Amino acid sequence: MMSFVKRAGLSSLLLLSVFCVMQPARAQSIQSLVNIQGIRENQLVGYSLVVGLNNTGDKNQVKFTNQTVTNMLRQFGVQLPGKIDPKVKNVAAVAVSATLPPMYSRGQNIDVTVSSIGDAKSLRGGTLLLTQLHGADGEVYALAQGSVVVGGVNASGNSGSSVTVNTPTAGLIPNGATVEREIPSDFNMGPTITLNLKRPSFKDANAIAHAINSGFQSGIATAKSSTNVEVRAPSEPGARVAFMSQLDDIQVKAEPVRAKVVFNSRTGTVVMGDGVVLHAAAISHGSLTVTINENSNVSQPGVLSNGRTAVTPQSDVSVKSGHGQMLQLPESSSLKTLVSALNNLGASPDDIMSILQALHEAGALDADLEVI
């Protein structure tokens, strides 16, 4: 027998059940199972200013924004006195980030994301000044500039009240950066190509190598480990691209994904995929809720008593214990059976997380648990 007692107040979070039907092994293209070694994205980052804001920029206490404005003006020949601190409300310091796709050439455009790093209220209507985007090696690979598209809105009144919708301090510039330096790739170098499996598996690696050898001449593909397969490919660039286009279309029967239960502790979401196997078990479920209410009483002295008015706190503490109930779970491989049993318990998402973890520890739940 296994028992579970909830020792804190139950939250009213929403249980989201997403039923992902897991089918038996089915054919998938190699393109969906592997990544090609040497062909990958690269992250770029930069720092700059967004100007043209309508009094929603960084405040005066953000010193690095004023310093950046002073340095920018100096580059254009505008010299400010040493003790003068430019106080501007239409400028915001921002971090600019972008992802450079593999094999992009000079002159091609990429999207950039602009995010405030000061205390600006909104970037709506602003324009990003010319920004150098650096890679991890410190080299400049792209230049960004343009009008920022913001999906959020912020409005405030003189009384201090404000309303914010979405996130107005981050925006996007579609095609806002131009690639200035190409990132070298070893795709066209060497007699072989390495395929890296997205989900390591000895069975999948062996199946991929077998499918390639069956589709092309035998012996050109070798499974080196559970994570990569080495394939001999033509050395001439045009022939290698044609070879890869045919390789992507080869179908492989991949190993079925093991059933998984995913918990999101921040939102109270529990997602269970089909294929979860439940062995016979018994659950005792109860709850304990502690409620504390704080009130203040005012003690008023009598007339001519020379007393003073005093405020005394008053606390009301109540403890409510739920009636535990025993539920027997039958052995089943149906997700519907498990969901119905948990619903009959009347458990909240927090309770369900703990119950499923306890079932897993007891060996009654055949699935992987993952917390995100």
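H134 is partly exposed, because its relative accessibility is 26%, a value between the 20% limit for buried and the 50% limit for exposed residues. The structure described here is a predicted model. H134 belongs to strand β7, and β7 is one of the six strands of a closed barrel. The protein as a whole holds five helices and 23 strands, and an open sheet of three strands is also described below.

**H134 and its surroundings**

- Beyond its neighbours within four places in sequence, H134 is in contact with Q43, L44, V45, E139 and V140.
- L44 stands 90 residues away from H134 along the chain, yet the C-alpha atoms of the two residues are separated by 5.3 Å.
- The strand that carries H134, β7, spans residues 127-134 and pairs with strand β4, residues 42-51.

**The closed barrel**

- The six strands of the barrel follow one another in the order β4-β5-β6-β11-β8-β7, and their pairing is antiparallel. From one strand to the next, the twist averages 30 degrees.
- Strands of a sheet are held in pairs by backbone hydrogen bonds, in either a parallel or an antiparallel arrangement.
- Three bridges join β4 and β7 in the antiparallel sense; among the residues involved, V51 has T127 of β7 as its bridge partner.
- Strand β6 (residues 109-116) is paired with strand β11 (residues 170-179) over six bridges, in the antiparallel sense. In this region I110 stands opposite A177 of β11.
- Strand β11 also pairs with β8 (residues 140-147), again in the antiparallel sense, over three bridges. Here L143 stands opposite T178 of β11.
- Helix α1, formed by residues 63-75, lies across β4, β5 (92-100) and β7, and its direction is at about 85 degrees to that of β4.

**The largest pocket**

- The volume of the largest pocket is about 400 Å³.
- Its lining consists of 13 residues, and those nearest the centre are Y47, S48, M72, Q75 and L130. Two or more lining residues come from each of β4, α1 and β7.

**The open three-strand sheet**

- The order of strands in this sheet is β17-β16-β23, with mixed pairing. Strands β17 (269-272) and β23 (368-371) form the edges, each of them pairing on one side only. On average, and with direction ignored, neighbouring strands of the sheet are turned by 15 degrees against each other.
- Strand β16, which covers residues 260-264, pairs with β17 over four bridges in the antiparallel sense. N264 stands opposite T269 of β17. Helix α5 (residues 349-361) packs on the sheet and touches β16, β17 and β23, with its direction at about 45 degrees to that of β17.

**The protein as a whole**

- Of the 372 residues in the protein, 32% are buried.
- Among contacts with a separation of 6 or more, 72% are between residues 24 or more positions apart.
- The accessible surface of the protein amounts to about 22000 Å², and carbon and sulfur atoms account for 51% of this area.

Technical notes
Residues numbered from 1 in each chain as written. Predicted model: local features only at pLDDT ≥ 70, side-chain atom pairs only at ≥ 80, totals over all residues. Heavy atoms only, no water. Pairing = 2+ DSSP bridges. Axes fitted to C-alpha atoms, helices over the stretch in contact; angles between N-to-C directions. Contact = heavy atoms within 4.5 Å. Buried < 20%, exposed > 50% of the residue type's maximum accessible area, 1.4 Å probe, protein only. Areas by Shrake-Rupley, 256 points an atom, 1.4 Å probe, with all protein chains shown as cover. 1 Å grid on protein atoms, 1.4 Å probe; cavity = no way out; pocket = protein on both sides within 12 Å on 5 of 7 lines; lining within 4 Å. Points joined across faces, edges and corners; volume = space filled by probe spheres on them.
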